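Subject: Structure handover

Hello,

Here is the structure I promised to pass on. Please open it before you read my notes.

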Amino acid sequence: MDAITSLLTLLKLQRGDTGVIARIDGHGPVKQRLAEMGFTKGATVGLAHTAPFGNPRTYLVRGYRISLRNEDADKVILESYAGVPGSGRDA
Amino acid sequence: MDVKVSASSITKTVTVALLGNPNIGKATLFQQLSGGHHQDVRFPGADVRMEVGIVHHAGMRMRVVDLPGIYSLSSTTPDEIICRDFIMLDKPDVVINVLDAGNLERNLFLTTQLIEMGVPRVYALNMSDEAHMRGMRFNMEALSMKLGGPIIETVARFRRGVEEMLDAVVDTIESARKYHNVAIAYDDHLEEAIEGVQQLVKELHPETMSAGHARWLAIKALEGDKVVLRRESEHESLVTAIEDKCRDIVRMHGDDAAVLLADGRYGYITGLIQQTVEMTGALRHVNITDMVDNLLLHRVFGLPLFLAALWLMFQATFTVGQYPMAWLDTGVVWLGDTLTAILPAGLTRDLIVDGIIGGVGGILIFLPNIMILFLFIAFFETTGYMARAAFLMDQVMHSIGLHGKAFIPLIMGFGCNVPAIMATRAIESRRDRLLCILIAPFMSCSARLPVYVLFAGVFFADWAGTVVFGMHVAGVAVALGAALMLRTVLFRGEGDAFVMELPPYRLPTIRSLIMHMWDKAVHFLRKIAGVVFVGSIIIWFLQAFPRDVELSRDYVAERAAVVAAAAAPEVQRAALTQLKNAEARELQKERYLGQIGIAVQPVFESLGFNWQTTISLMTGMVAKEIVVSTFGVLYNVGGDVDAGNDSLRAALAGAMPPLTALAFMVFTLLYMPCLATIAAIRREAGTWGWAAFSIVLSLALAWLMALFVIMVGGLFA
């Protein structure tokens with residue numbers, strides 16, 4: 001893998017978008033917990049809801065809803081990304 | 001043996017554990033199995049008390065243990081450690097793994113770890129009705145083969161499939177069939193690592209060990225659970241060797257072994273689901289949870305709706321609760337009056353009427369309020385709204401250094417602080433957990449409710465519901481303030497991540513709500529029967545003795561003089577009542593309880609508390625329910641102040657100004673946790689030091705905040 005030019009993370013997802021996980025950055029308990037909850041390589045994730053102050057957010061992964069804080073979501077790197085047409089995102 | 005027992009009458013007792021993720025109907029299944037009757041049993045291995053229900057099925061007596069809901073057996077949270085230790089050390093005969101049929105993928109993660117433990121298992125594919133509605137079809141035979149145990153479709157809330165599940169448990173135990181020879185295969189590199197560690201384990205272990213057990217130990221070690229290894233052998237060299245191996249893996253793959261194992265497990269699960277679960281039609285059905293979330297998690301309306309729900313809860317507790325409360329009150333008064341009429345005058349009658357009925361009855365009448373409060377909490381919890389509340393509040397919680405998950409125990413604290421403190425087990429990091437344990441007692445539990453209901457009713461009758469709500473808000477504010485303070489002084493540094501499931505919304509059955517409420521009611525009544533009963537008797541004794549005291553006036557002679565004066569009847573009655581109350585007040589001061597109160601009262605001088613109030617606070621240290629019963633005992637001594645149910649209210653109204661009453665409510669809210677809570681803090685925090693810290697912290701905050709109320713209130717007076 002060459003140097004990361006622009007990191008595409010969970011945090012970039014807009015409502016209705018989905019992405020496929022490439023890897024999780026960092027080490028330690030948070031990473032293990034995320035992996036155990038289904039955030040593993042190849043899993044598809046979508047954004048469901050954003051809390052009143054923009055943090056945390058709720059994601060859809062492996063058919064259930066889970067909420068993560070933005071600082072943790074930012075460690076989940078996506079390999080591909082599919083936006084919803086007309087979601088107002090300039091891709 | 002002296003007694004001959006026929007073979008048929010011998011029932012075999014077996015232990016069955018319920019294991020599964022949170023929010024999948026495991027508690028409902030336990031309720032169905034135990035029929036609502038359960039006892040707390042301490043298990044030596046896991047060293048915790050767990051709820052056990054007894055089930056008789058096909059000649060077998062089963063002790064069903066409800067294990068805490070967990071997502072993983074990696075031993076990173078206290079609950080996970082409890083489950084691991086229970087399965088490993090207390091060795092249940094069968095583990096029933098409860099699965100949410102509609103969310104198999106994540107549910108099976110725990111299953112893959114359970115399979116590796118090599119214990120006999122039965123699977124309950126629960127909520128299968130929901131999954132069927134979504135068009136899912138399960139190949140049960142294939143699932144059973146792949147998971148290494150019988151699997152039964154169940155719908156716990158309607159008791160569907162429960163008998164078949166129990167049949168499968170009996171069958172598994174009796175046939176002792178080897179169901180557990182399933183191996184989850186990982187990728188080559190990981191397999192190599194596992195085999196390497198497995199080899200080390202076998203070599204260094206003194207006794208012979210089965211390959212399966214060695215493999216499990218190797219996987220646990222790679223997952224980072226060193227406790228299991230240390231328990232199995234004393235070889236420090238083994239642990240070091242494994243740590244080296246883990247470092248190798250990280251170097252080779254650029255990832256933790258635990259993460260690679262999770263990848264492998266999900267890979268296995270994905271394959272398994274492809275082979276066993278079929279999606280037929282109805283894929284794009286209307287998703288109710290999404291629709292409800294669009295409203296309840298709305299970025300603008302979400303928080304106001306949540307606050308409105310809380311306000312509604314307290315308003316209902318007060319307004320709806322006051323009707324059954326009045327009936328109970330009438331009953332208690334009637335009982336007191338009847339016994340007064342039947343029993344001969346004397347100490348025994350005083351003990352029963354003033355001590356026991358006054359004390360226990362004074363609390364019993366609050367049972368409806370408490371049940372309504374618990375009904376709301378049960379509703380929020382079982383519908384899935386509680387997790388949404390944590391989601392909505394996380395940013396606020398995080399800004400003061402708390403974990404969003406701490407919000408759930410704090411809300412549960414409105415019911416009772418003891419389960420709230422136990423619920424902190426869901427928080428992973430010890431520091432975050434300790435912080436939550438320390439601030440949980442500031443959440444106004446239902447035992448404090450009677451004080452507010454009484455005082456708000458007497459002093460702020462027009463907005464009693466709002467005052468009660470306000471007291472709870474004040475509790476939250478102090479808890480958050482204390483968290484901020486502790487975070488900056490004691491617990492510095494980064495907190496835990498916030499990783500929380502939002503379960504689908506589900507409507508609980510009326511039955512399960514009622515059972516939940518009934519459970520709490522029984523708990524409350526037991527407390528009354530024990531702590532409050534004994535407390536009331538002690539308080540009564542302290543205020544009834546010593547018997548012979550010297551009074552400043554000759555009340556007997558004065559009474560005679562009033563009678564002799566032969567004034568108008570109402571004038572005479574008023575004069576007599578006044579005399580009687582004056583005598584009672586003087587007597588109270590001379591009794592032991594009065595002496596104690598007068599001795600301690602100077603501490604509360606600046607708060608304006610009189611000695612009766614002081615005594616109530618002191619007795620409330622046992623359990624806050626006793627505060628009101630102490631008032632009941634203390635102010636009823638004079639009798640006839642205003643015969644019947646309003647006597648205490650009338651007495652209180654004259655005893656202090658509203659501002660003092662408010663300060664008293666604040667003090668009651670915050671001052672030291674009750675004995676049961678102190679015991680819970682000690683158990684969950686691990687040392688008496690933290691329990692003592694909690695007592696000192698709460699007393700200091702209570703005193704300061706009450707003073708604050710008096711001073712600020714004084715500005716407006």
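First, the ground rules. This is a predicted model, in which local features need pLDDT of at least 70, side-chain atom pairs count only at pLDDT 80 or more, and totals for chains, interfaces and linings use all residues. Residues are numbered from 1 along each chain as its sequence is written, chains are lettered from A and ligands numbered from 1 in the order in which they are written, and side-chain values use heavy atoms, with hydrogens and water left out.

The chains

Chain A has two helices and five strands. Helices (H or I, at least four residues) and strands (E, at least two) are DSSP runs, numbered from the N terminus. The order along chain A is β-α-β-β-β-α-β. Of its 91 residues, 52% are buried. Buried means under 20% relative accessible area, exposed means over 50%, and partly exposed lies in between (1.4 Å probe, protein chains only).

Chain B has 717 residues, and 54% of them count as buried. It holds 32 helices and ten strands. Its C-alpha trace spans about 105 × 65 × 55 Å along the principal axes. Contact means heavy atoms within 4.5 Å. Among chain B contacts between residues at least 6 apart in sequence, 74% join residues at least 24 apart. For chain A, the share counted in this way is 59%.

The cores

A nonpolar core is a set of buried Ala, Val, Leu, Ile, Met, Phe, Trp, Tyr and Cys residues joined through side-chain atoms within 4.5 Å. The largest one has 123 residues, and B:Phe306, B:Leu402 and B:Phe455 touch the most other members. Helix H22 (residues 464–489) of chain B gives the largest share of this core, eleven residues. A second, separate core has 70 residues, among them B:Ile87 and B:Leu272.

What does B:Phe455 contact, leaving aside its neighbours within four places in sequence? The partners are B:Phe460, B:Phe631, B:Leu652, B:Met656, B:Ala661, B:Phe664 and B:Met665.

Covered places in chain B

Helix H20 (residues 430–439) is mostly covered, with eight of its ten residues buried. Among the buried ones are B:Asp432, B:Arg433 and B:Leu434. Their cover includes H22, helix H31 (675–685) and helix H32 (688–716).

B:Leu669 sits in helix H30 (residues 658–670). B:Leu669 is buried, at 1% relative accessible area. Beyond four places in sequence, the contacts of B:Leu669 include B:Pro441, B:Tyr452 and B:Lys624.

Where the chains meet

Look at B:Glu501, in strand E10 (residues 499–502) of chain B. Is B:Glu501 buried or exposed? It counts as buried, because its relative accessibility is 5%. Its contacts beyond four places in sequence include A:Tyr64, A:Arg65 and A:Ile66 from chain A. They also include B:Pro22, B:Asn103 and B:Ala387.

The side chain of B:Glu501 makes two polar contacts worth a look: one with the side chain of B:Tyr71, at 2.7 Å, and one with that of B:Arg106, at 3.1 Å. A polar contact is a pair of N or O atoms within 3.5 Å; within protein, one must be able to donate a hydrogen and the other to accept it, and residues adjacent in sequence count only if both atoms are side-chain atoms.

Salt bridges

A salt bridge is a side-chain nitrogen of Lys or Arg within 4 Å of a carboxyl oxygen of Asp or Glu. The count over all chains is 24.

- A:Asp25 pairs with A:Arg23, with the closest N and O atoms 2.5 Å apart. A:Asp25 is partly exposed, at 28% relative accessible area. A:Arg23 is partly exposed too, at 22%.
- A:Asp72 pairs with A:Lys75 at 3.7 Å, N to O. A:Asp72 is buried, at 5%, whereas A:Lys75 is partly exposed, at 33%.
- B:Lys220 pairs with B:Asp225 at 3.4 Å, N to O. Both residues are buried.

Best wishes
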